[in-house]
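Dear colleague,

I am handing over the structure below, and my notes on it follow. Please read them alongside the coordinates.

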Amino acid sequence: MIKILIVDDEKPICDLIDLNLSAAGYCCQTVQDGGKAIQMIEEGNYDLILLDVMLPGVDGYDIMEYIRPLKVPVIFITARYEVKDRVRGLKLGADDYLVKPFDVVELVARVEAVLRRYHKAENILSVGEITVDVEAHMVWRGKKTVELTNKEFGLLLLFIRNKNVALFRETLYEKVWEGEYSGDSRTVDLHVQRLRKKLGWESCLMTVYKVGYRLEVPQ
């Protein structure tokens, strides 16, 4: 399982990230102190580090100097939004830079992108009797192959990677159709209905009133 260290001095932020990445199938550990983070990095074998800049003890930039020789991918997650801060973080060797406040769906997508770049992303995903080979673009329901369109496949990945999270129709449209949402929900609704039927997800792919959809999976 992919192992991720979350370093942020705000416990609610750590808990939010942990909740969503754990739901997406990652093993997460959190720490709120810079010095303790370095100790955990020395003792642990992490596939990815999510790193805040403003930390007690040792700040994120100094931690990044320590991490760089280890060749562990890093995403900065910080309230520092100025261009000079982004440039500094990236020049230090960070793979991405996400400014607070952030959308958790975007965070999961960025994590996936960095892990793919390092060939660490898990290509086989599963929920119940549904198995997905991301690289081969194939889906099985039990032992039977399920034929999905590209849009249905994109929706499926979003739901699996954001289990138990309510996803707005706007988010689904913009991530899968890669365009600006016009407010017409029929396209998204139609594709979700087809996906439900093909996967047998009538009882777990739930409609969230005035929001969108949520894939409900027992924890």
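**Aromatic pairs and a helix**

Tyrosine 61 counts as buried, at 2% relative accessibility (buried means under 20% relative accessible area, exposed over 50% and partly exposed in between, with a 1.4 Å probe and protein chains only). Phenylalanine 76 also counts as buried, at 0%. This is a predicted model, in which local features need pLDDT of at least 70 and side-chain atom pairs count only at pLDDT 80 or more, while totals for chains, interfaces and linings use all residues. Residues are numbered from 1 along each chain as its sequence is written, and side-chain values use heavy atoms, with hydrogens and water left out.

Rings of Phe, Tyr and Trp (its six-membered ring) pair if their centres lie within 6.5 Å, and planes under 30 degrees apart count as stacked, over 60 as edge-to-face and the rest as tilted; by this rule there are 3 aromatic pairs. The rings of tyrosine 61 and phenylalanine 76 have centres 5.7 Å apart and planes at 65 degrees, so this pair is edge-to-face. Ring pairs link Tyr61, Phe76 and Tyr97 into a cluster. Tyrosine 173 and tryptophan 177 form a stacked pair, with 5.3 Å centre to centre and 5 degrees between the planes, and tryptophan 177 counts as buried at 18% relative accessibility.

Helices (H or I, at least four residues) and strands (E, at least two) are DSSP runs, numbered from the N terminus. In helix α8, the buried residues are Val188, Asp189, His191, Val192, Leu195, Arg196 and Leu199, whereas Arg186 and Lys197, on the other side of α8, are exposed.

Best regards
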